[in-house]
Amino acid sequence: MTTVVESVDTTALAVRTQGLGKRYRTKWALRDCAFELPAGRVAALVGANGAGKTTLMSVLAGLLKPDEGTAVTSGRVAFVSQDKPVYRHFSAADMLRMGARLNTVWDQTRAERWLERFEIPLGKACGKLSGGQQAQVAFALAIGSRPTVLMLDEPLANLDPLARREVTAELLTEVEETGMTVLLSTHVVAELGGVADYLLLLAHGRLLAGGDLDELLARHVLYTGPKSDVPPALGTVVEARHRGNQSTFLLELPEDQPRPVVAGQWTERPVTLEDYVLAQLAATRKGIGA
Amino acid sequence: MEFRIDRASGLPAYLQLVRQVREALRLGWLVPGDRLPTVRDVVASSGVNANTVLKAYRELELSGLVEARQGSGTFVKAALGSGDPEVMAALRTRFAEWVRAAREAGLDTEDIDALVRSVLTEGEGEAVA
Amino acid sequence: MTVTAVPVQRRDKVGWGDLVWLTWRQHRWSIGGLAVLLGVGAVVCLVVAAVVRNTGRVDMLGVIGVYGLSQLAAMAPMGIGAVIGVFWAAPLVSREYEQKTSVVVWSQDLSPARWTLGKIVLLGVPAVGLAAGFGSSALVLARAVNSTFPPEWQPYQPFQQFVFEASPLVQIGYAAFGFGLGLALSALTRRTIVAMALTLGGFIVARMVVAIGWRPYYQTPVREVWPYGEDSERPYGQLAQDHGLHVDGGYLDAAGREVDFPMVCARTSTDGNSFQKCMADHGVVSHFTDYQPVERAGTFQVIEFFVFAVPAVALLVFAYHWVKRSHRI
């Protein structure tokens, strides 16, 4: 299934971009974007609104031509955009028929199972379904096409809390069964724990950080202690906050070194994804760090 | 058993799974010979990424608590050395007394948590050194 | 690989059959609607034509009459290209963009380029087919009506606007142009209503400019000159009997140059003689009439076809590349 393979190293890559850039008139929506996404991962594409998430996904889906750089995806790509559009005059069954017609690989059983799971009537015109139901039809179409890389732009937006959890679980089950790679964008970082295992952080059209989520978070620590200009351990300061007589540092620890021991009045706390993302985004705004 | 992921916790999801298995072992909910839920079951029931579950199971395997048997699943291999039940009970009683003393001294749950954590951190430091 | 109830379907590529399915499923009402309308119209024309030929009579069909019907049928082809442009082509891409379904359809194993090519072929061919078919039927009826008159009184003549334009070849040109214009505007504006309005306006303007300003000059008109004098009505009568296309007419001086009509003569002359004298004083020695002889009608239809077909191809190529370029979502 893997089609474009440039060298041995890249066989296990699902997506690879180099110097990718896309601009709308004079404004760059995406710039110098370079990353590699290993196959089989569930990657979260995180960034503020307007960070370039949708643009990046559209380029990877082949819907937009980049103005510079290259993007290579292995195998077939499916993309569900944020609006989760469907043909209003098509029934859900028609949408699946379309999927079967317009894809070289089609898994009718899987697509139907998804619709059944969410109790979507097959015969009703999509225009008469609720927004949430239309989203399920769009998901079923993407799942049925058995992509190598599945890209979802804000997949959980506009879904109710229960549906969010169910869609996540179903999606991850599909990933487990088919081995596909998933790239999903979101700005609700809190929902990613345990869902994503890879992070791509975008800000202002540029890639701030990327990598295995656990490794990334394990390399960072949050220290809180008495007011101080320097952190209690060696490392790169991602974010420093000083309130009253207290200082907080989010530190990126040097690689390949044991975790430092910090005694005294400092307390350390593991960094949550939310801490990390917010600190990184705040840092770009202030011009520190990246 | 069913896993829960606390998304607000700073602990990586795979470590949360590891911790929950260890707790189950410690509390006797899981005993040697028991089969852990399949990766697919965990994914479907808890909305956790399969890679996360695999990572947790591998971690448990490395620490010798479970073993993967080709084609039939992951099984509990060893009970978690929780020590003599009497010793455990005595420790618990003393700790409860300590917590009561802390409360009387005006500490709330968070203060206690911070204190315990800092002592544990120091202990780890000693262990490393 | 999981075992599933329906095996996973695998193919090499998305074929034309699949595009046919998609096109029909999406546009069955507009394709079907126009096809039924024109089909019924064509059948009526052919049936009436057969009856007229067999009976030699045109005094049927009550108030409208065969003649009225034939006029209606002959005029309909004037609008087919516009209908195709406005209702088939103008919403084609813009509606996909408006409802964001372009993102869906182009993220299957089908590129925007292939999709666009598919739509152009699968809607464009029926469009020109319907236009040509109906035009032919209208002409069959017109010829049947003509056959009931003596040659010099036949009501439908080759250069008459709607007879000229009902020719299948010309109809193909108009339909292709309407389709190309609609599609290009659809891709460019991405707004259905705007594209429809501009297509309608653009189509009408283009047709009028060509019909009035260009068609009479496809070839150099034939000039007939005769001395200014009493016999001045003859050439017009001659022309009318020839059924050619009148282009221009006026006065010439001794050197053969065109002379503007001397208005002063009309104002000052008291009788015929003084008028003629006044005209002669102003240098008028002869009349002329420029016209396109009726034998040229066939050639003119071929030219008219190219006048619309060439821009149609250019517009389609533009639309294809514009959609393919995908510079924004």
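The centres of domain 1 of chain A and domain 2 of chain A lie 33 Å apart, taken over C-alpha atoms. Domain 1 of chain A runs over 8–214 and domain 2 over 219–286; such bounds come from an automatic or database domain assignment. This is a predicted model: local features need pLDDT of at least 70, side-chain atom pairs count only at pLDDT 80 or more, and totals for chains, interfaces and linings use all residues. Residues are numbered from 1 along each chain as its sequence is written, while chains are lettered from A and ligands numbered from 1 in the order in which they are written.

Twelve residues of domain 1 of chain A are in contact with six residues of domain 2 of chain A. Contact here means that the C-beta atoms of two residues, placed from the backbone, lie within 7 Å. On the domain 1 side, strand S9 (198–203) and strand S10 (206–212) of chain A each supply at least two residues. Helices (H or I, at least four residues) and strands (E, at least two) are DSSP runs, numbered from the N terminus. By class, that side of domain 1 of chain A has ten nonpolar, two polar and no charged residues. Ala, Val, Leu, Ile, Met, Phe, Trp, Tyr, Cys and Pro count as nonpolar, Asp, Glu, Lys and Arg as charged, and the others, Gly among them, as polar.

Two strands pair if DSSP finds at least two bridges between them.

At one, S9(A) and S10(A) pair in the antiparallel sense over six bridges. Leu201(A) has Ala209(A) as its bridge partner in S10(A).

Ala78(A) has Leu150(A) as its bridge partner in S7(A). In a regular strand the side chains alternate between the two faces of the sheet. From S5(A), Val77(A) and Phe79(A) point one way and Ala78(A) and Val80(A) the other, and all are buried. Buried means that 20 or more other C-beta atoms, placed from the backbone, lie within 10 Å of the residue's own; 12 or fewer is exposed, and in between is partly exposed.

Next, the partner chain. Chain B has five helices and two strands, in the pattern α-α-α-β-β-α-α along the sequence. The radius of gyration of chain B (over C-alpha atoms) is 18 Å, well over the 14 Å that the globule rule (2.2 Å times the number of residues to the power 0.38) gives for 129 residues, so chain B is more spread out than a compact globule. Of the 129 residues of chain B, 24% count as buried.

Finally, the chains meet. 27 residues of chain A are in contact with 25 residues of chain B. H5(A) gives the largest share of the chain A side, seven residues.
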